[in-house]
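Colleague: Before we look at anything in detail, could you take me through how to read the ring contacts and the sheet in this structure?

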Amino acid sequence: MSNVVVKAEDVSKKFHIGKLQKQSTTTLGERIAETVKSPARRAVQLMKGHATGAADLDEIFWALQGVNFEIKQGELTGIIGRNGAGKSTLLKILSRITEPTEGSVTIHGRVGSLLEVGTGFHQELTGRENIFLNGAILGMTRNDISRSFDEIVSFSEVEKFLDTPVKHYSSGMTLRLAFAVAAHLEPEVLIVDEVLAVGDAKFQRKCINKMEEVGGEGRTVLFVSHNMAAVTRMCKRVIMLDGGKVAGDGPAHKIVASYMSTGMGTTAERVWEDPDDAPRSDAVILNAVRVRNPKGEIAEASNISDDVGVEIEFKVSKPGYVLQPHIVLLSDEGVKLFTSVDVDPEWRNRPRPVGRYVTKAWIPGNLLTEGMCIVSVAIWALEPSRILQCFTREAVAFQVIDSMDGTNSARGDWAGDFDGLIRPLLKWETEFDEGA
Amino acid sequence: MSEIEQGSVAGRSVTVIRASKGWASLNLRELWEFRELLFFFTWRDIKVRYKQTVLGASWAILQPFFTMVIFSLIFGRLAKMPSDGIPYPIFSYAALVPWTFFSNGLSKASNSLVGGSNLLKKVYFPRMALPISAVLGGVVDFVLAFFVLILMMLYYETIPTINVLWLPLLLALAFITCLGVSFWFAAMNVQFRDVRYVVPFFIQAWMFATPVVYPASLIKSEFWQMVYALNPMVGVIEGFRWALLGTKTAPGPMIIVSSVVAVTLLVTGAFYFRRMEKTFADVV
């Protein structure tokens with residue numbers, strides 16, 4: 001089907017933001033006059049519907065400028081962009097929370113939006129009561145809720161605490177309950193914000209599966225996220241915003257790749273310009289940690305089958321130390337995946353002369369699983385004595401993405417859940433006797 | 001909110017979101033479609049109101065009751081305030097029951113948008129649902145306090161007149177007045193947080209402009225009585241006393257004046273609210 005379900009035409013949104021106070025007044029008389037005048041002036045500004053702020057209020061900021069796109073029925077579309085690119089404003093306009101200054105959006109069908117999990121949960125009410133309240137807030141009728149009540153409860157896994165006030169729930173339980181309600185919303189157009197940024201990995205996976213299921217039912221999903229792995233996996237199409245404008249719109253892997261390569265909000269490089277801030281000892285200063293792809297570019301995302309290089313740049317200012325760089329890889333859940341130390345024979349037992357060193361550790365392709373990888377870096381001295389010289393926790397991070405466009409990945413043609421902390425590509429063999 | 005044109009194409013609703021210009025329509029149809037949400041907000045307010053209090057719902061009774069005791073001592077005993085020939089305690093309590101409904105509703109509803117800012121910023125629903133449910137939630141308190149009023153009437157052997165049948169309408173008048181003022185205050189509060197500080201003082205001043213501690217019959221001239229009735233709560237409270245206690249004042253014309261003012265407040269308040277609504281999520 002090629003029905004256009006969501007159509008944004010020239011959508012712009014203007015905000016008035018406070019600018020710095022004008023030059024401070026000097027004389028007491030002026031100050032008194034200012035004190036008298038400013039509430040009046042502020043009241044006038046407020047009457048015009050401008051935002052409040054302590055300072056003067058005539059700075060204009062366009063959160064969105066001339067945004068155009070069309071989304072067809074059943075499309076699962078991702079919206080990406082760094083902080084301040086206008087993602088949240090766009091979502092708020094689509095879900096009718098705020099209106100555009102110019103332009104219009106036309107939506108066919110019932111819209112459900114989920115900008116935050118658990119909006120409107122009341123701490124004093126029980127789980128059961130909150131299911132009904134939250135459902136109503138999200139636009140479900142009492143019948144809808146009663147009908148899917150059992151399903152919601154079993155999805156949320158909080159059966160035992162259904163009649164306990166939510167304030168006694170752990171944050172994980174609250175979250176599961178909230179998502180469970182939202183997941184049973186049945187709108188034709190579903191708008192979801194960063195909901196997946198919270199919760200444990202198992203729960204995130206559950207959420208993603210649920211959303212894929214929703215997409216599979218021919219409903220339209222708009223999904224805003226920072227999680228490039230989730231976006232690439234779930235969405236066929238991605239719209240990238242930058243500075244309030246559409247900076248890219250097309251197939252997910254292409255747009256995500258260009259987002260990564262333009263260095264927007266990269267986590268793949270960490271440089272300490274000021275040696276005083278850098279992790280250091282008397283003898284060793286860490287200058288930078290970078291993640292590079294096989295072409296030598298700094299890369300925040302890497303395809304699952306590509307090697308990933310972790311580069312450590314450091315300076316030695318005192319001779320006579322035998323040094324050993326370490327890296328520790330963590331998953332986004334904080335699980336230590338592995339540790340690796342520099343065993344390059346050239347430097348293994350040799351005291352390092354004063355100078356600058358750039359060391360790379362290559363992590364082979366088809367080892368890490370999809371998702372975020374976080375790298376901690378340490379440099380140990382082995383001689384003259386075993387002392388930690390510098391250490392930086394979670395120095396850099398990168399995403400491993402399976403764009404599923406080639407054959408060289410452990411997934412093969414399997415698009416569903418794929419468990420495991422690592423994802424090696426194994427050699428499989430089969431012996432076959434016909435008719436035996 | 002935005003100028004929404006909802007129609008139906010091939011059985012599906014179509015929503016157009018664009019900047020609204022000037023005065024928005026009240027869109028009562030949409031409010032009606034969201035009636036269940038209104039119900040759930042009200043239900044939440046009632047459920048939560050006396051959670052984690054030792055005395056629980058008795059507060060609904062204790063508040064007006066102790067106010068009555070204090071008023072009886074000070075205005076009844078000390079100041080010898082006239083009370084249209086009715087024992088002062090029941091004279092003031094009959095006024096305090098609707099007054100407490102009004103003042104609690106007003107103060108809750110005025111803060112309902114600011115208090116619900118998280119909802120305003122994250123979910124779409126007709127924003128009027130928040131102040132309306134804040135006022136509606138007070139009906140339960142009203143009923144509880146009214147029950148005590150019946151007990152007091154038994155104690156003072158007051159026989160209600162047939163005019164008690166007017167009570168639901170009088171309560172509706174109090175509700176309309178409260179909602180009308182709440183629309184104004186709640187919407188203004190989003191922009192000017194000063195409202196939060198003004199409201200308690202405003203309610204106090206309003207109480208003394210209303211015949212709660214004194215009878216309206218203190219005002220002799222018929223003309224001034226009509227001017228007095230421009231305060232819609234005058235009609236409500238005089239009506240309550242007339243219906244329950246059989247006071248002599250025939251409040252008919254007063255109630256008409258009060259009703260006209262109350263409806264005007266409600267309609268203008270609703271339009272003002274709708275006009276400001278589009279900026280709520282950005283400003284709150």
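**Aromatic pairs and a mixed sheet**

Modeller: Searching the whole structure gives 26 aromatic pairs over all chains, where rings of Phe, Tyr and Trp (its six-membered ring) pair if their centres lie within 6.5 Å, and planes under 30 degrees apart count as stacked, over 60 as edge-to-face and the rest as tilted. This is a predicted model, in which local features need pLDDT of at least 70 and side-chain atom pairs count only at pLDDT 80 or more, while totals for chains, interfaces and linings use all residues. Residues are numbered from 1 along each chain as its sequence is written, chains are lettered from A and ligands numbered from 1 in the order in which they are written, and side-chain values use heavy atoms, with hydrogens and water left out.

Colleague: Why is the pair of B:F34 and B:Y124 classed as it is, and where in chain B do its two residues lie?

Modeller: The ring centres of B:F34 and B:Y124 are 6.5 Å apart and the planes stand at 85°, so the pair is edge-to-face. The pair links distant parts of the chain, 90 residues apart, with B:F34 in the loop between α1 and α2 of chain B and B:Y124 in the loop between α6 and α7; helices (H or I, at least four residues) and strands (E, at least two) are DSSP runs, numbered from the N terminus. Both B:F34 and B:Y124 are buried, where buried means under 20% relative accessible area, exposed over 50% and partly exposed in between (1.4 Å probe, protein chains only).

Colleague: Are B:F40 and B:W43 buried or partly exposed, and which aromatic cluster includes them?

Modeller: B:F40 is buried at a relative accessible area of 3%, whereas B:W43, at 22%, counts as partly exposed. Both residues lie in helix α2 of chain B, three residues apart, about one turn of the helix. Together with A:F132, A:F149 and B:F39, they form one aromatic cluster.

Colleague: How should I read the sheet, and in what order do its five strands run?

Modeller: Strands of a sheet pair through backbone hydrogen bonds, either parallel or antiparallel. Here the five strands form an open sheet of chain A in the order β12-β18-β17-β14-β15, with mixed pairing; two strands pair if DSSP finds at least two bridges between them. The edge strands are β12 (301–303) and β15 (336–341), each pairing on one side only. Strands β17 (residues 371–383) and β18 (residues 387–401) of chain A run antiparallel and are joined by 10 bridges, and A:I374 stands opposite A:A397 in β18.
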